[in-house]
Amino acid sequence: MNILFCTHDIDSGGAARSMFILISTLITMGHHIKVISLHEPDLQKSCIHELINKGIPVFLFKWPWITNEFNKLHIDVGYQKNYRKISARYVPQIKVMADEADLVCFNGYPSTSLASLFEKRPRVLIAREQLDEKSPRFPHVARYLRHFLEYAIAIGPVESAQLSRMGIANEIVFNAAPSLPELSPLPPLNTIRFGMFGQLHELKGQHLTISACKIAENVLRMHGASFHIFGGAPQGRKAGVFEQALCAAITQYGIEDIVKMEGWTDNPSSYMKEMHCIVRVSIDGSPWGRDVIEAMSLGRPLLASGDVDIFVKPGVTGWLIPPNDAVALAKALEVLVRHPTSLPAYAHRAYDFAVENFDPNRNGAKIANIFSRLITLKTQDKVKNI
């Protein structure tokens, strides 16, 4: 198959990393890929270079995102619309790229703004986010998506339920690990290290984590525990405003010996192996994501916020706490450093779940089969209309 992927970004966040893993798998299966990115690739990150080395061309096409707000994320629609003026003259070239493909896949909702341009080919969405259904634009966007998408793949039941409410046919295929899950033994339990991985953003909960570590500092320090936050500007680049604020808070609280800002990494798995437990405490309470998948695939238990026990199952693969609750997080950290011998059993169960659900070859084959089915159905429709 010749597949055109459209994405809002190729090198930032879990959606970009998940697309890279999927594309890499599809390439090994013999499929041909091209990528359109609405955002300029970061040449200081490895993703653009790895895609090019795999023979995958990446095209920059500045175009506005769909106008709906996302859960807990504001979109500056006016700013985005300026991209339409900038790039309108390139629309014919983009349409040609789509015509040369067998199928167009939108990696997340933002890039579905291009769907109306590609009516000649089957169009499928990988729903990696949740739209804000309270947004005044939501009914219009839902109608747009129903009209211009043939199908959708949801990364989990929450995303699938929203697609169904919009009347869009879909099925669930979990995001995959970067490689086959491989159990990595936990480091010695004498000093516990917690890790947090992801973009630095107020919704990701890094500031909440720092507050929790301040609350629990006496217990954490007594047991020699440490908390490592990965994310932020690549090495050699000036830290952003939010990253600077996090560093300032750590200094103000006097917990530099406990909380470490580790910076950006293109290879989170290598650092996860050094941790005993991975923490994901997003403010919106979404205990799933790229960090969860990669951690479980190494055999790392999760401490996460929320009440949806898809991956993080309390008492089995990890622990769930209420969202946006620094006191609850502090108490959970204290319990884990006081009773570290529980960690290995959780680690093994997390790994077992990953083996069953995050195999990149198995999940990539599922998505390839969906693509093939959609291409066949589209071809049949064309034959009927001749």
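## Close-up views of a predicted model

**View 1. Strand 4 meets strand 5.** Strand 4 and strand 5 run parallel and are joined by 4 bridges. Look for Cys 105, which stands opposite Val 124 in strand 5. As you explore, keep in mind that this is a predicted model.

**View 2. Strand 5 and its other pairing, with strand 6.** Strand 5 also pairs with strand 6 (residues 151-154), in the parallel sense and over 4 bridges. Here Val 124 turns up again: its bridge partner in strand 6 is Tyr 151. To trace the chain through this view, follow strand 5, helix 5 (residues 138-148) and strand 6, which make a right-handed β-α-β unit.

**View 3. Is strand 5 mostly covered or uncovered?** Strand 5 spans residues 123-127, and it is mostly covered, with 5 of its 5 residues buried. Both faces of the strand are covered. On one side you will find Arg 123, Leu 125 and Ala 127, and on the other Val 124 and Ile 126, all of them buried.

View 4. Stepping back, we see an open sheet of 7 strands with parallel pairing, in the order 3-2-1-4-5-6-7. Strand 3 (58-60) and strand 7 (170-172) stand at the edges; each has a single partner strand, so one side of each is left without a neighbour in the sheet. From one strand to the next, the twist averages 20 degrees.

**View 5. Strand 1 beside strand 2, with helix 4 lying across.** Strand 1 (residues 2-7) and strand 2 (residues 32-37) run parallel, joined by 6 bridges. A handy landmark is Thr 7, which stands opposite Ser 37 in strand 2. Helix 4 (residues 91-100) lies across strand 1, strand 2, strand 3 and strand 4 (103-107). Relative to strand 2, helix 4 runs at about 155 degrees.

**View 6. Helix 7 alongside helix 9.** Our last stop shows helix 7 (residues 206-215) and helix 9 (residues 241-253), whose axes come within 10 Å and cross at roughly 5 degrees. That angle makes helix 7 roughly parallel to helix 9. Which residues meet here? From helix 7 come Gln 206, His 207, Ile 210, Ser 211 and Lys 214, and they meet Phe 242, Leu 246, Ala 249, Ile 250 and Tyr 253 in helix 9. Sorted by class, the contact of helix 7 with helix 9 has 6 nonpolar, 3 polar and 1 charged residues.

Terms used
Residues numbered from 1 in each chain as written. Predicted model: local features only at pLDDT ≥ 70, side-chain atom pairs only at ≥ 80, totals over all residues. Heavy atoms only, no water. Pairing = 2+ DSSP bridges. Helix = DSSP H or I, 4+ residues; strand = E, 2+ residues; numbered from the N terminus. Axes fitted to C-alpha atoms, helices over the stretch in contact; angles between N-to-C directions. Contact = heavy atoms within 4.5 Å. Buried < 20%, exposed > 50% of the residue type's maximum accessible area, 1.4 Å probe, protein only. Right-handed = clockwise from strand over helix to strand, strands pointing away. Parallel < 35°, antiparallel > 145°, perpendicular 65-115°, else oblique. Nonpolar A, V, L, I, M, F, W, Y, C, P; charged D, E, K, R; others polar.
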